[in-house]
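Okay, thanks for coming, everyone. Let me put the model up and then walk you through it.

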Amino acid sequence: MQMVQLKLVTIIAEALLEERMLEAIQRAGARGHSLSRVSGQGTRGIHASDWEGDNIKIETIVSPEVANQIIEHIAQTYFAHYAVIVYTQVVEVVRSEKYL
Amino acid sequence: MQMVQLKLVTIIAEALLEERMLEAIQRAGARGHSLSRVSGQGTRGIHASDWEGDNIKIETIVSPEVANQIIEHIAQTYFAHYAVIVYTQVVEVVRSEKYL
Amino acid sequence: MQMVQLKLVTIIAEALLEERMLEAIQRAGARGHSLSRVSGQGTRGIHASDWEGDNIKIETIVSPEVANQIIEHIAQTYFAHYAVIVYTQVVEVVRSEKYL
């Protein structure tokens, strides 16, 4: 079974950003996602004030180029004012045409 | 603390496949798993028709050989007719005898 | 966008350990976390007796040094008597000052 390396992008954000985040990843080229609820605690944007509550966790598997686009968009648009975390990991998949 | 590299296998599938997926990973040699509910959107098997709804996410840490067996079984048995995603990542664990 | 490699530490434990686990990661230096519920099956510490039920999954992004501290603490304090799994993965983040 031939495996292909792609990027798993994980976004953790306040629940009120759900629609905007899903739109952003689709616009960048993501072809699917999974979404779950998490609770958490972290630092809020540049204010570093504490927050806690219901967040969403969005995961999507994409090409490195799409991953970069998602990260740049989120960092530039949301990091200053929202408690958003985004990170990428290398994943191996079969049937890479599902994701590209 | 000595760390050992193993494989984290993640399966995202329609909830109706829960039992069959758990049986498949156990038969391949997985010694444990965690399961959560996710919602999501993706492309369905070879039909690429859209679907959305409650899915399960199964995660298990296994040897590379067991990871390959799980992936081959799922790809051959389910990819044609079900909306199943499976991917692997490298993870570092302590106490690798828990997983092997 | 410049990416920095950090460690994602994932802890899966019985729900009764939630507070102690969160305290442990904060004491080690974690600045945030996300928490979700998972169900699962595995082997319990040195007894290897089966268990099943509601677990928590805690994820935190930290430096390699903090990751090591978390893992050592959990392995030494909990592995003998509790069904705890801990593993690390490499992740790429922007704005690494959020995590350090």
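**Helix first, then the contacts**

So, start with helix α2 of chain C: V66(C), A67(C), Q69(C), I70(C), I71(C), I74(C) and Y78(C) are buried in α2(C), where buried asks for 20 or more other C-beta atoms within 10 Å of a residue's own, with C-beta atoms placed from the backbone. Quick caveat: this is a predicted model, so local features need pLDDT of at least 70 and side-chain atom pairs count only at pLDDT 80 or more, while totals for chains, interfaces and linings use all residues. Residues are numbered from 1 along each chain as its sequence is written, and chains are lettered from A and ligands numbered from 1 in the order in which they are written.

Back to α2(C), residues 64–78. Its 15 residues should span 21 Å at 1.5 Å a residue, and the end C-alpha atoms are 21 Å apart, which agrees. (The expected span is 1.5 Å times one less than the number of residues; helices are DSSP runs of H or I, at least four residues, and strands are runs of E, at least two, numbered from the N terminus.)

Now, where do chains A and C meet? 18 residues of chain A are in contact with 16 residues of chain C, contact being C-beta atoms, placed from the backbone, within 7 Å. On the chain A side, β2(A) gives the most, with seven residues.

There's strand pairing too: β4(A) and β4(C), residues 85–93 of chain C, run antiparallel over two bridges, and pairing needs at least two DSSP bridges. Y87(A) sits opposite V93(C) there.

Methods: Two residues are in contact if their C-beta atoms, placed from the backbone, lie within 7 Å. A residue is buried if 20 or more other C-beta atoms lie within 10 Å of its own, exposed if 12 or fewer, and partly exposed in between; C-beta atoms are placed from the backbone.
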